[in-house]
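Let's take a friendly walk through the aromatic rings of a protein model. Have the sequence and the 3D view ready as you read.

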Amino acid sequence: MDKLKHKTLPKIDNSWVQLIALALFFSAFFYVRLGLGDLWVYFHNPDGVFFIFILQIIYYIGIVGFHFYAIKLLYDLKNNAVPVTKMLLASIFITNFIEGAFIYITYEWTQQLPNVFLSIIYSIGMFLFMTFSKNIKSVFPINKRKSFWYDKTVFAVILLIFIFLYSLAFLIYFIIYA
């Protein structure tokens, strides 16, 4: 009688996945700091529009929640981890590009500009790594990756809130200074 041979699965080195999750954690901390900074500014200068303030807080909660969602998916090695992480990195790139354009157009050369450039460089670098890395492809094979409708919905809502906020900001800026 033949004995069944046990197949041993190849050991997966997910240290790169853990490193990406750690980078996302620090990125989330950065957005928490930005949200708390906006909260501080609003309560010390409540002359602003409360509706815009609420949208900013919703945006920061959404982006930080999206960070932790991506981290959880990466640690659990879920099939939608790579698409969600790439959506998160794309949203970081798009929102920081819009913010950088607003800073450039309004000549508000504040301390935020270096953070914007670093965020753009970070998002591009991480996106390229998630796209072309052999390590990521070995942990998350391309044919096993999935993207769900609710992931795309969260991505779209976060971007729409941010685009709405900066559309209002551009409108207000051009009404006041044009």
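F148 is partly exposed, with a relative accessible area of 29%; partly exposed covers the range between buried (under 20% relative accessible area) and exposed (over 50%), using a 1.4 Å probe and protein chains only. Y150 is partly exposed too, at 37%. The ring centres of F148 and Y150 are 5.5 Å apart and their planes meet at 15°, so this pair is stacked. Rings of Phe, Tyr and Trp (its six-membered ring) pair if their centres lie within 6.5 Å, and planes under 30 degrees apart count as stacked, over 60 as edge-to-face and the rest as tilted.

Keep in mind that this is a predicted model, where local features need pLDDT of at least 70, side-chain atom pairs count only at pLDDT 80 or more, and totals for chains, interfaces and linings use all residues. Residues are numbered from 1 along each chain as its sequence is written, and side-chain values use heavy atoms, leaving out hydrogens and water.

How many aromatic pairs does a search of the whole structure find? The search finds nine. One of the pairs is F93 with F97, stacked at 6.0 Å centre to centre with 25° between the planes. Both residues lie in helix α3 (residues 81-106), four residues apart, about one turn of the helix; helices are DSSP runs (H or I, at least four residues), numbered from the N terminus. F93 is partly exposed at 29%, whereas F97 is exposed at 52%.

Now look for Y59, Y60, F162 and Y166, which form one aromatic cluster.

How values were computed. Helices (H or I, at least four residues) and strands (E, at least two) are DSSP runs, numbered from the N terminus.
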